[in-house]
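Me: I am meeting this protein for the first time. Could you walk me through it in a series of questions and answers?

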Protein chains: 2
Amino acid sequence: MFLVNGRYADSISVLDRGLHYGDGLFETIAILNGKPLCWEEHYQRLAQGCDRLGLCCPPVDQLYAELRQLPLGPGRNVIKMILTRGQGGRGYQPPAADLPPTRILGLYPWPETSPEYPVTGVKIRICATRLGGNTQLAGIKHLNRLEQILARREWSEPDIAEGLMLDHQDAIVEGTMSNLFCITGSDLFTPELSDCGVAGIIRGCILRLAPALGLKTRIFKFGRTVLAAVDEVFLCNSLIGIWPVRQIEEQGYQPGPWTKKIRQELIRREMIAT
Amino acid sequence: MFLVNGRYADSISVLDRGLHYGDGLFETIAILNGKPLCWEEHYQRLAQGCDRLGLCCPPVDQLYAELRQLPLGPGRNVIKMILTRGQGGRGYQPPAADLPPTRILGLYPWPETSPEYPVTGVKIRICATRLGGNTQLAGIKHLNRLEQILARREWSEPDIAEGLMLDHQDAIVEGTMSNLFCITGSDLFTPELSDCGVAGIIRGCILRLAPALGLKTRIFKFGRTVLAAVDEVFLCNSLIGIWPVRQIEEQGYQPGPWTKKIRQELIRREMIAT
């Protein structure tokens, strides 16, 4: 079920710049018993993305009201919220900046992944497809996602839950749909995303709450050799919550106590639904 | 006027992966008195792009027949042909590879640029927005075009006709909507596009026909300092044809004889319409 600019619809204009150029942004929001989790954080990232692309971000109240127009509950559901630069003619030059973007809100079922993953952990791989760098696009959740699609096409084994992507300097950036964290002792660290990658909402939540749990946090660039020397590895995003990693290629891990503690804290604070 | 999968339409499904991820390709084709110019070359690039993205390219006869369904003539018009991976659920993983892509053909008016440009030349700038590298996406005309949009947003002066884009190693790649050629003596050269950029149809035509005109061709990576020491510079694409460059930032040029000769040859062979 979709709302396009506040009205129920199953189509958008063939002139929309989202289609022609991927000229827009999106958010994927977990809904738990009718409540959108981390709504403010999602809106903030959307607003930051609008700022980067020169889009006029709709008011938070408008987007929230439209979100509530959809039948959100009970149980777990997903809202995908897309903003595009709206309709345009041919050519890259955007129309005037003060035109309102197209708002597309879709209600989706909760994804079917194994309920064991958050507890027993997942097996992941390292993708050959690299992420190109662009500081203007780094961090935001824009609609240019061919790199993720090419990476996701690299495997079809159902027991591989995710693939890690590197940049052109061999630094680990993120999973195709998730962010990566590592823990050594009481040090929690995650890749820097200044050149590429999406600054995930749950990644941000974890970085904010970790010090109160007794973890020191660090954000920096590191390569895959670092993965051989860490105690715990986990993935996160708004829908999967936290998945401990139990295997990356040939390297094995045990789902560890810090990962479990972080996940419980995120659930307790209603930041994740799973 | 648009055809979506062979039917007149002004909208596409809100589930289309072209909208959600820029998961597709496009071609912009000059139409002269009802005839699509360089049709075979456009189709070949589309097929190459499909191969890279794992899309099932529609048969050439089907796309040609649909193109002819639109009122193409007389005079000059533009067809934009978009192929997307079609409708899909949420998530990057593409549906099965043998599903037919969505075909979107649009008829547009010829762009209104100064008729003087191909003769007197244009003033261009160098953009701050860089092109990120990805060998799998380099050369093809995919729908992830945010870098070009950010670059095109950098200027609004009507007398600046185009902006050049560099990669992260400071090599010149292309214009936001065109390819670049330089001439020194009887040497014709253009940037290598192995990491990023679009391998333009007219760029390909020029590289093929230049030797017969008496030019030696070279394709390599070069930085902006090279621009200070060349005799002629020009831009090309399927709609602008050839634009001699008369100014890049502070550096001036004269529209030169080789540029004129190449343009005349492209017109004579019905590769460009202007």
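**Getting to know the model**

Me: Is K216(A) buried or exposed?
Reply: Buried means under 20% relative accessible area, exposed means over 50%, and partly exposed lies in between (1.4 Å probe, protein chains only). K216(A) has a relative accessibility of 53%, so it counts as exposed.

Me: What kind of model is this?
Reply: Residues are numbered from 1 along each chain as its sequence is written, chains are lettered from A and ligands numbered from 1 in the order in which they are written, and side-chain values use heavy atoms, with hydrogens and water left out. Local features need pLDDT of at least 70, side-chain atom pairs count only at pLDDT 80 or more, and totals for chains, interfaces and linings use all residues, because the model is predicted.

Me: Which residue forms a salt bridge with K216(A)?
Reply: A salt bridge is a side-chain nitrogen of Lys or Arg within 4 Å of a carboxyl oxygen of Asp or Glu. For K216(A) the N to O distance is 3.4 Å, and the partner is D187(A). The pair links distant parts of the chain, 29 residues apart, with K216(A) in strand 13 of chain A and D187(A) in strand 12 of chain A; helices (H or I, at least four residues) and strands (E, at least two) are DSSP runs numbered from the N terminus.

Me: How far apart are the closest N and O atoms of K216(B) and D187(B)?
Reply: K216(B) counts as exposed at 54% relative accessibility, while D187(B) is partly exposed at 30%. The two form a salt bridge, and their closest N and O atoms are apart by 3.4 Å.

Me: Which residue meets D195(A) in a salt bridge?
Reply: The N to O distance in this salt bridge is 2.4 Å, and the partner of D195(A) is K221(A). The two are 26 residues apart: D195(A) is in the loop between strand 12 and helix 6 of chain A, and K221(A) is in the loop between strand 13 and strand 14 of chain A. D195(A) is partly exposed at 26%.

Me: How many salt bridges does a search of the whole structure find?
Reply: The pairs above are among them. Over all chains, the number of salt bridges found is 26.

Me: At what angle do helix 6 and helix 7 of chain B pack?
Reply: Axes are lines fitted to C-alpha atoms, for helices over the stretch in contact, and angles run from 0 to 180 degrees between N-to-C directions. The axes of helix 6 (residues 201–213) and helix 7 (residues 257–268) of chain B are 10 Å apart, and the angle is about 110 degrees.

Me: How many nonpolar residues are in the contact of helix 6 of chain B with helix 7 of chain B?
Reply: Contact means heavy atoms within 4.5 Å, and Ala, Val, Leu, Ile, Met, Phe, Trp, Tyr, Cys and Pro count as nonpolar, Asp, Glu, Lys and Arg as charged, and the others, Gly among them, as polar. Helix 6 of chain B contributes residues including I202(B) and L209(B), and helix 7 of chain B residues including W258(B) and K261(B). The contact has 2 charged residues and no polar ones, and its nonpolar residues number 8.

Me: Where is P74(A)?
Reply: The peptide bond from G73(A) to P74(A) is cis, with omega near 0 degrees. P74(A) sits in the loop between helix 3 and strand 6 of chain A.

Me: Which residues of chain B does I104(A) touch?
Reply: I104(A) lies in strand 7 (residues 102–109) of chain A and, at 0% relative accessibility, counts as buried. I104(A) and F2(A) are 102 residues apart in sequence and 6.9 Å apart in space, C-alpha to C-alpha. Not counting residues up to four places away in sequence, I104(A) touches residues including F2(A) and, from chain B, V14(B) and L19(B).
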